[in-house]
Amino acid sequence: MTKVMKKIIVAFSKKESTSDIKLSLRVVYNRFRQMLNSNNHALEIMSDMGNKLGGNYIFDINYIKKSYSEFSDTVFQSIYNLNALSQNKYLYLHRVFERINTQVNRILQDKAPVDLRETVLFYRNITWEMSDAVGGKNAALAELANYLNLNIPDGFAITTGAFREFMEYNHLEEKIESLKADYTSVSKDLDDAFFEKAQQLVKNGRLPAHIEAALDKALARLSSGSAKGSYVAVRSSAEMEDSEFSFAGAFNTVLNVPADITSLAEAYKTVLASLYSKEVLAYQKHHAPQSDMMAAMSVGCMKMVEPHVSGVVYSSDPDNIEKDVVIISANRGLCTTVTDGTVDVDVYIVEKNEPYKILERKIGKKNVMAVCDKGGGIKNVPVSGVDSQRPCLSEDRIKAIVRHAVIIENYFKKPQDIEWSVSSSGELVFLQSRPLKISESQLKTHEDIYSTLKKYNIILENQGIISCRGIGAGKVFVLRRMEDLRDFKSGSVLVAKHDSSQFIKIMPKAAAIITDVGTPTSHMANIAREFHVPTIVNTGVATSLLQNGQEITVDAEDNKVYDGTIKELIRYNITEDINLAEEKEFKILKKILRYMTPLNLTDPLSGGFTSEGCQTCHDILRFIHEKGVEELTNAGRYKEILHDNGAVKLDIPIPMEICIVDIGGGLNGANGKAQPEQITSIPFRAIAEGMMCPSVWHSQADSISVPVAARRYGRGALCRSGDNVAVVSQEYVNLTLKFGHNFSMIDCYCSENIKESHVYFRFVGGTQKKSQLGDLITTVLRELDMRVDIKGSVIIARTDNISRPEMELLLNSIGRLTAYMQQFDTLVCDDQLVRHYSTSFLHGRYHLSQA
Amino acid sequence: MGRQEDKCRLMVIDDESIVCKRLKQIMEKAGFEVAVFGDGVHAVEELNNRHYDIILTDFRMDGMDGMKVLVSAKEKNPSSKVIILTGFAETEMVREAFRKGVFDVLSKPVEIDTIKQVIGRAERELNESKSAAVAAAGGL
């Protein structure tokens with residue numbers, strides 16, 4: 001039994017909190033604090049682990065195991081605390097967490113996670129974190145389409161999950177193991193006969209019915225767009241293929257397969273069977289003797305492109321990577337004649353930089369081309385006459401291929417070996433991209449990089465913090481205005497004043513990023529680490545020191561920026577045998593973080609915001625936070641709060657009555673009535689100060705005195721005691737305000753520790769004019785840099801991770817907005833006026849007049 | 001080139017290959033000559049053959065732990081600087097290591113900059129004592 005399961009049983013057996021005992025507000029608050037503490041501790045560990053991906057630390061597997069174990073205990077504690085707070089409303093969360101925990105523990109033991117439930121994933125839905133499910137080749141292809149907007153054939157991946165199910169369903173592992181035992185008992189080596197038999201076992205396997213159904217459905221979807229009877233290409237994409245292992249050619253590809261389920265199933269099994277070959281076994285023994293992950297294979301199924309021309313492009317010269325050239329090989333027809341090297345094809349050597357000058361053309365004889373055969377399969381046909389001797393690519397086409405190859409290399413940060421086709425309609429389509437195999441002579445240079453680098457001119461040294469280690473070179477692009485991002489060219493170095501998560505748009509194209517102000521814990525830094533973009537933040541001077549268009553080399557390993565492009569450093573980077581992204585520890589950490597950090601539960605109002613909807617630990621923590629806040633602010637409890645907790649009326653010179661319930665250090669010596677000076681709650685004081693800002697109430701609508709409002713909205717609309725309640729402690733406020741039919745709630749925890757802080761604002765409009773008031777609120781809150789979600793008449797805005805002074809400013813603005821809102825709601829106005837008032841408000845002009 | 005012999009010689013001992021691999025890359029780029037070992041026994045054997053200026057060793061290892069490496073290294077060459085890396089820094093262990101002449105104890109995970117600084121400091125001390133020795137010899 002796992003540690004966590006034991007804890008769950010203990011948790012369930014504890015009888016201290018049963019639903020028939022009402023907890024006092026103070027107890028609720030204390031449990032809330034405990035919940036916050038455990039939640040925040042978990043978030044801290046998570047961010048600490050995330051930071052390690054940047055490469056700035058030396059760590060080993062023990063660190064990952066130790067951190068995750070502490071993290072897992074803390075999340076458990078958080079779930080426990082929420083249940084203590086809510087009187088066991090969310091026990092199911094334990095089960096959700098246990099599910100995630102099981103997967104993570106499998107990864108830590110170097111086993112594949114078992115939750116890859118999808119059988120089929122269409123390329124357009126594949127993101128980088130799915131590479132376990134779809135294999136390296138499929139993942140890279142999807143990245144070309146989804147991050148670089150390049151053309152790839154429509155298609156889908158049949159996942160490693162489907163593979164495992166197929167193997168289990170047919171008991172293939174056992175069968176092959178016993179076959180192996182039979183063979184090894186006779187002779188030491190496994191011979192060809194063994195592999196033949198093993199492959200036959202796989203080919204004879206049957207697909208489980210639901211996999212067959214899923215493939216059938218996917219095929220139908222794939223061919224729905226095409227007019228004639230369609231065909232597909234079926235390609236291998238083993239889990240580690242095209243990463244650190246190059247299996248080039250070891251696995252089968254079946255081209256031009258009729259798009260029906262019987263043919264696809266045959267081709268699928270043929271590709272799977274190629275896992276059982278001498279070459280693959282040798283690789284497996286050598287590289288991952290204990291790992292069972294190696295054996296998982298995903299398969300790509302994509303629409304067959306019947307090309308006019310096709311070929312391979314190397315984004316660099318594998319024999320001389322410092323030379324700025326791209327090499328294209330091409331022939332008419334399918335790519336097979338180019339990849340198998342049997343035909344004398346065209347070769348073009350082209351300069352890597354614009355205008356992509358063609359340095360060399362070697363026009364081959366091209367006396368054979370491969371074409372799709374009628375009814376399926378491919379065949380080689382002879383080509384004779386003038387046609388065979390003519391170049392098969394035009395100059396424009398050559399340049400387009402080179403330009404794309406450079407974009408792809410910039411994205412993957414390493415030279416690439418790319419397969420492409422030009423369809424009969426003239427469209428350039430990419431079929432595969434994998435790391436280019438660099439020749440041995442380039443790898444063994446014995447160059448003393450330390451001495452070499454001494455002769456180059458350093459522009460910046462140790463003047464910032466490395467967020468993501470790596471080396472990148474390119475032309476400087478100084479970002480002045482956010483809208484200029486669209487002019488960012490692939491391969492440039494982004495130089496900006498501040499970190500911004502908006503940079504995600506150019507992240508796939510950036511050679512490196514340097515900012516004046518920023519932190520390695522920002523969202524941007526996380527994204528940079530995901531895309532492996534070398535990043536230095538907080539240099540203070542980058543935008544003033546670096547010129548647009550200047551060529552630089554960013555060494556985000558040694559925290560240096562060099563003037564010019566330093567080829568030795570780039571080559572060093574490419575040939576260095578340590579590639580962090582490919583190191584086992586980094587891979588494990590990255591995989592684990594996928595179960596920890598992505599946040600899917602963002603909208604508390606959506607139907608999916610449930611225990612069951614939590615897919616990651618971050619979701620669980622987010623859910624716990626939201627539900628914890630909900631427990632604390634549970635509207636139904638206000639009467640009780642007021643009665644039982646000695647509410648104090650706030651005596652402020654504005655037409656709003658607010659009752660305060662102090663649950664610890666929020667008020668100083670108040671008895672029955674509190675003066676504003678007596679508020680010691682940091683966040684509440686900031687809000688109250690905003691509300692009391694005199695000019696906000698000096699609008700023409702200041703006739704909204706309590707009696708007037710009461711007449712307008714019904715008796716006691718503004719001041720009915722219990723409608724406006726602030727639950728406060730020194731660092732916390734939960735303020736509920738009701739005016740007219742509108743309801744708003746501000747929940748804020750304002751800690752010294754940035755990571756613990758949050759501001760949460762919820763507005764529920766109730767009147768006809770809700771949309772105008774809603775627009776005003778939305779505009780203002782967005783300008784205040786809050787994340788705003790709108791759902792019908794409900795507006796939710798959040799901010800977290802901000803410093804105390806920033807938070808006080810924000811709360812002051814929210815206080816003013818709250819006061820302004822109440823008066824605004826009595827006005828009738830149109831959209832234009834809404835814009836006018838929003839702008840006025842933000843400029844500190846609060847005058848309102850009836851339209 | 002030709003300055004190979006001037007380079008400060010660094011030995012890294014850790015049973016986690018990622019630690020060796022990364023430190024080798026990082027410190028070579030920083031101008032050191034680096035040799036890595038996956039266990040203490042082989043590393044100490046090597047110390048019989050060659051002199052290393054700075055030794056960076058993991059603490060918990062099978063066969064021979066970091067403390068034994070420290071003692072052997074100091075026996076063989078009292079001037080060499082030994083730095084211990086450990087995932088579990090216990091006060092008693094740290095105290096003992098300092099008694100036995102460790103240069104510094106760092107706990108894992110450790111920031112690369114920190115390692116570089118500590119190694120840099122050790123290198124400076126080595127150079128200072130070398131030049132003091134030279135000066136003393138010259139003064140005679």
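Figure 1. The model shown here and in every other view is predicted. Which residues of helix 4 of chain A are buried? They are A:L93, A:H94, A:V96, A:F97, A:I100, A:N101, A:V104 and A:I107. Seen down the helix axis, these buried residues fall within an arc of 155°, so they line one face of helix 4. After the helix comes A:D110, with a positive phi near 65°.

**Figure 2. Helix 14 of chain A, residues 395-412.** This helix has 18 residues. At 1.5 Å a residue they should span 26 Å, and the end C-alpha atoms are 26 Å apart, so the two values agree. The buried residues include A:I398, A:I401, A:V402 and A:H404. A:A405, A:V406 and A:I408 are buried too. So is the run A:E409, A:N410, A:Y411 and A:F412. Just after the helix, A:K413 takes a positive phi of about 65°.

**Figure 3. Helix 17 of chain A and the residue just after it.** The helix covers residues 523-531. Buried here are A:M524, A:A525, A:N526, A:A528, A:R529 and A:F531. Just after helix 17, A:H532 has a positive phi of about 55°.

**Figure 4. A nine-stranded open sheet in chain A.** The strand order is 25-23-24-26-27-28-29-31-30, and the pairing is mixed. Which strands lie at the edges? They are strand 25 (673-674) and strand 30 (787-791) of chain A, each of which pairs on one side only. Within the sheet, strand 27 (residues 732-739) and strand 28 (residues 742-749) of chain A pair in the antiparallel sense. Eight bridges join these two strands.

**Figure 5. Chain A as a whole, for orientation.** Chain A holds 28 helices and 31 strands. Of its 851 residues, 47% count as buried. Consider the contacts in chain A with a separation of 6 or more: residues 24 or more positions apart account for 66% of them.

**Figure 6. Strand 3 of chain B is covered on both faces.** The strand runs over residues 54-58, and five of its five residues are buried. In a regular strand the side chains alternate between the two faces of the sheet. Here B:I54, B:L56 and B:D58 are on one side. B:I55 and B:T57 are on the other.

**Figure 7. Strand 3 of chain B pairs with strand 1 and strand 4 of chain B.** Strand 1 (residues 9-13) runs parallel to strand 3 and is joined to it by four bridges. In this pairing, B:V12 has B:L56 as its bridge partner. Strand 4 (residues 81-86) also pairs with strand 3 in the parallel sense, over five bridges. There, B:I54 stands opposite B:K81. Strand 3, helix 3 (residues 66-76) and strand 4 of chain B make a right-handed β-α-β unit.

**Figure 8. The contact between chain A and chain B.** How many residues does each chain bring? The contact takes 19 residues from chain B and 19 residues from chain A. On the chain B side, helix 1 (17-29), strand 6 (110-111) and helix 5 (112-139) each supply at least two residues. Helix 1 of chain B gives the most, with seven residues. By type, the chain B side divides into nine nonpolar, three polar and seven charged residues.

**Figure 9. Strands pair across the two chains.** Strand 1 (residues 57-58) of chain A and strand 6 of chain B run antiparallel. Two bridges join them. A:I58 stands opposite B:V110 in strand 6 of chain B.

**Figure 10. A:Y450 touches chain B.** A:Y450 lies in helix 16 (residues 449-454) of chain A. Is A:Y450 buried or partly exposed? A:Y450 is partly exposed, with 16 other C-beta atoms within 10 Å. A:Y450 touches B:K29, B:A30 and B:G31, not counting residues up to four places away in sequence. Within chain A, the C-alpha atoms of A:Y450 and A:L569 are separated by 9.9 Å. These two residues are 119 residues apart along the chain.

How values were computed. Residues numbered from 1 in each chain as written. Chains lettered and ligands numbered in written order. Predicted model: local features only at pLDDT ≥ 70, side-chain atom pairs only at ≥ 80, totals over all residues. Contact = placed C-beta atoms within 7 Å. Nonpolar A, V, L, I, M, F, W, Y, C, P; charged D, E, K, R; others polar. Pairing = 2+ DSSP bridges. Expected span 1.5 Å × (residues − 1). Buried ≥ 20, exposed ≤ 12 C-beta atoms within 10 Å, placed from the backbone. Arc of directions from axis to C-beta. Right-handed = clockwise from strand over helix to strand, strands pointing away.
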